[in-house]
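I opened my notebook to look up a few things in this model. I wrote down each one as I went.

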Amino acid sequence: MMRKIKASSAQAMLPIDRFARWVLIAVTAFSILLLIGPSLIVIAISFEPRAYIAFPPSGFSTRWYQAVFANQQLLDSILVSVRISLAVMAICLLIGVPAAFASIRGTFRGRAALNAFLLSPQMMPGMVIAIASLFFGAYIAFRASDLMLILSLSVFCLPFVVRIVMARLADLDPLLDEASANLGAGKLETFVRVTLPQLAPAICAASAFTFIEAFDNVTVSLFTSDVRARPLPVELYYLVQFDSSPIIAAISSLEIGLSFVVMLIIAKAVGLERLGR
């Protein structure tokens, strides 16, 4: 009798389960559409043959991509952004990986304070960091330049590297380091030959995220970049105020493509399934 009651109640719940499943599918699809839809619209607009932004496009033309590569000022700003992003990525990795290791494996006093200090820029808007850097630079007679931009972006991006590497370190078995020490390896050798290879997925993910964030950052770049060698986000900021042509959509599409290529390289080199491990 009890089995019949349970079976009937399970059958009664089936329509509710189906409804909940379709609701979940609908919400998921809508969320994905909100994330991908704007990028698809920008890509479509970049092929508009007319000299103004319109959606849907009236035809198909690559004239605005040709205009991007024919504009020397835009090409110079792209090179500036690439140079700045590589420098920021290198600084964040050189500081963030050892700092994350010390935060997870260290046994010194003040470890919690160190964690709070390293992750505190993540709680601040980019504009706050940019204005603080600008005022501090003015106080010590350090004008806006590539060096100020690199240091400011490094402060802004460092918490992301630390957090990603810390998450990976927390999942590693510390007994492997102890086994390496028992076999006669020093701390540095253990870190280089045992720990670092296991951190490769997290380091790749942190590198990609840092590079893309530094390349696309507008708020920090706007306040701290050199006016004579402006990075691409600042160049686009000024361009969008005076130009309504689809060339801006073409540049944005190239940046979307850059992000896709970076993730594709990581997928081929490391495997996306390993980034969360």
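**Entry 1: R163 and its contacts**

I started with R163, setting aside its neighbours within four places in sequence. The residues I then found in contact with R163 are L119 and Q122. This is a predicted model, so I read every value here as computed from a prediction. I placed R163 in helix α6, which covers residues 146–171. Next I looked up how far R163 is from Q122. Their C-alpha atoms are separated by 9.9 Å. Along the chain, R163 and Q122 are 41 residues apart.

Is R163 buried, exposed or partly exposed? I found a relative accessible area of 44% for R163. R163 is therefore partly exposed, as that value lies between the 20% and 50% cut-offs.

**Entry 2: the whole protein**

I stepped back to the overall make-up. I counted 13 helices and zero strands. The protein has 277 residues, and 35% of them count as buried. I noted that the protein exposes about 16600 Å². Carbon and sulfur atoms supply 71% of that area.

I also looked up contacts between residues at least 6 apart in sequence. Of these, 70% join residues at least 24 apart.

I turned to helix packing. Two packed helices are described by the angle between their axes and the distance between the axes. I looked for both values each time.

Helix α3 spans residues 72–105, and helix α4 spans residues 111–119. I read an angle of about 145° for this pair, with the axes 9 Å apart. The crossing of α3 past α4 is left-handed. Which residues make the contact? From α3, I listed A99, A102, S103 and I104. From α4, I listed R111, L114, N115 and L118. I sorted this contact by class and got five nonpolar, two polar and one charged residues.

**Entry 3: α3 with α11**

I stayed with α3 and looked up its packing against helix α11, residues 232–242. The angle is about 145°, and the axes are 8 Å apart. On the α3 side, I wrote down Q73, L74, S77, I78 and S81. On the α11 side, I wrote down L232, P233, E235 and L239. By class, the contact of α3 with α11 has five nonpolar, three polar and one charged residues.

**Entry 4: aromatic pairs**

How many aromatic pairs are in the whole structure? My search gave five. I took a closer look at two of the pairs.

F47 and Y65 form a tilted pair. Their ring centres are 5.3 Å apart, and I read 40° between the planes. This pair links distant parts of the chain, 18 residues apart. F47 sits in the loop between α1 (2–45) and α2 (63–70), while Y65 is in helix α2.

F211 and F215 form a stacked pair. I read 6.0 Å centre to centre and 20° between the planes. Why are F211 and F215 about one helical turn apart? They are separated by about one turn because they are four residues apart in helix α9, residues 200–216. I found both F211 and F215 buried.

Terms used
Residues are numbered from 1 along each chain as its sequence is written. This is a predicted model: local features need pLDDT of at least 70, side-chain atom pairs count only at pLDDT 80 or more; totals for chains, interfaces and linings use all residues. Side-chain values use heavy atoms; hydrogens and water are left out. Axes are lines fitted to C-alpha atoms, for helices over the stretch in contact, and angles run from 0 to 180 degrees between N-to-C directions. Helices (H or I, at least four residues) and strands (E, at least two) are DSSP runs, numbered from the N terminus. A crossing is left-handed if the near helix is turned anticlockwise from the far one by less than a right angle, and right-handed if clockwise. Contact means heavy atoms within 4.5 Å. Ala, Val, Leu, Ile, Met, Phe, Trp, Tyr, Cys and Pro count as nonpolar, Asp, Glu, Lys and Arg as charged, and the others, Gly among them, as polar. Rings of Phe, Tyr and Trp (its six-membered ring) pair if their centres lie within 6.5 Å; planes under 30 degrees apart count as stacked, over 60 as edge-to-face and the rest as tilted. Buried means under 20% relative accessible area, exposed over 50%, partly exposed in between (1.4 Å probe, protein chains only). Accessible areas come from the Shrake-Rupley method with a 1.4 Å probe; for residues, only the protein chains shown count as cover.
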